[in-house]
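Hi,

Here is the structure I promised to pass along. Have a look at it first, and my notes on pockets and helix packing follow below.

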Amino acid sequence: MLKVAVMVSGGGTNLQAIIDAVESGKITNTKLAAVISNNKGAYALERAKKAGIRDIVVSPKDYKNREAFNKALVETVDSLNVDLIVLAGYLVVIPPVMIEKYENRIINIHPSLIPAFCGTGFYGLKVHEAALKRGVKIAGATVHFVDKGTDTGPILLQKAVAVEEGDTPKILQQRVMEQAEWILLPEAINMIANHKVVVEDGKTVIRK
């Protein structure tokens, strides 16, 4: 049984997709152990409560400096004894010590087809604003393992989404969530839970 902690900063639509997939059996062999947020007001925490999942807040505002916050975050995650950490719209930089400790056990969803529109400064609506400004015809999302770079870890899954005439960043964001993010993230968790993926030489290898 794969024990999972989901980390989220906002509304938690990707979290909801994961919860629904576990409940419907699309994700098997998995237990959602906790939802961790840096934001006390995140609606994701309500989603966790409704689903009977432990909700935890570790906010930088409650610590005197980033070092103290990072230490508390790592200790919180360690105490949960989880197998996989899922970043589902978590807008805080993960401490390098945590990335090292949980190597190939942290995945992230990014709202573009990496390596396009990724890296420092590309998150949320900013990704879609940049994509539309560039005039791309295809957008999409990527699930990748987290390493010490920004959006540079081994790619697990990607899905393309068409850009349509008249799209605004918000419209495109919603379509990418509905047609890619909410599908890919549960699929990735299910693959990991059922030993369908390994990381070798910095790349993912999918097992049938």
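Let's start with the second largest pocket: its lining consists of L2, D83, L84, N104, R105, F145, I192, H195, V197, V198 and V199. A pocket here, worked out on a 1 Å grid over the protein atoms alone, is an open set of points where a 1.4 Å probe fits, with protein on both sides within 12 Å along at least five of seven lines, and lining residues have an atom within 4 Å of a point. Strand β8 (residues 197-200) gives the largest share of that lining, three residues. Helices (H or I, at least four residues) and strands (E, at least two) are DSSP runs, numbered from the N terminus. By class, the lining has seven nonpolar, two polar and two charged residues; Ala, Val, Leu, Ile, Met, Phe, Trp, Tyr, Cys and Pro count as nonpolar, Asp, Glu, Lys and Arg as charged, and the others, Gly among them, as polar. The second largest pocket holds about 200 Å³ of space, a volume being the space filled by probe spheres set on grid points joined across faces, edges and corners.

Before you go further: this is a predicted model, where local features need pLDDT of at least 70 and side-chain atom pairs count only at pLDDT 80 or more, while totals for chains, interfaces and linings use all residues. Numbering runs from 1 along each chain as its sequence is written, and side-chain values use heavy atoms, with hydrogens and water left out.

Now the largest pocket, at about 920 Å³. Its lining takes in 39 residues, and G89, Y90, L91, N108 and Y123 lie nearest the centre. Elements giving two or more residues to this lining are α1, α4 (96-101), β5 (106-110) and α6 (169-193).

Axes are lines fitted to C-alpha atoms, for helices over the stretch in contact, and angles run from 0 to 180 degrees between N-to-C directions. On the α1 side, T13, N14, A17, I18 and A21 make the contact (heavy atoms within 4.5 Å), meeting M177, E181, W182, L185, P186 and I189 of α6.

Finally, α1 (residues 13-24) and α2 (residues 43-50) pack at about 15°, axes 9 Å apart, and are therefore roughly parallel. Here T13, L15, Q16 and I19 of α1 meet A44, R47 and A48 of α2.

Cheers

Technical notes: Parallel < 35°, antiparallel > 145°, perpendicular 65-115°, else oblique.
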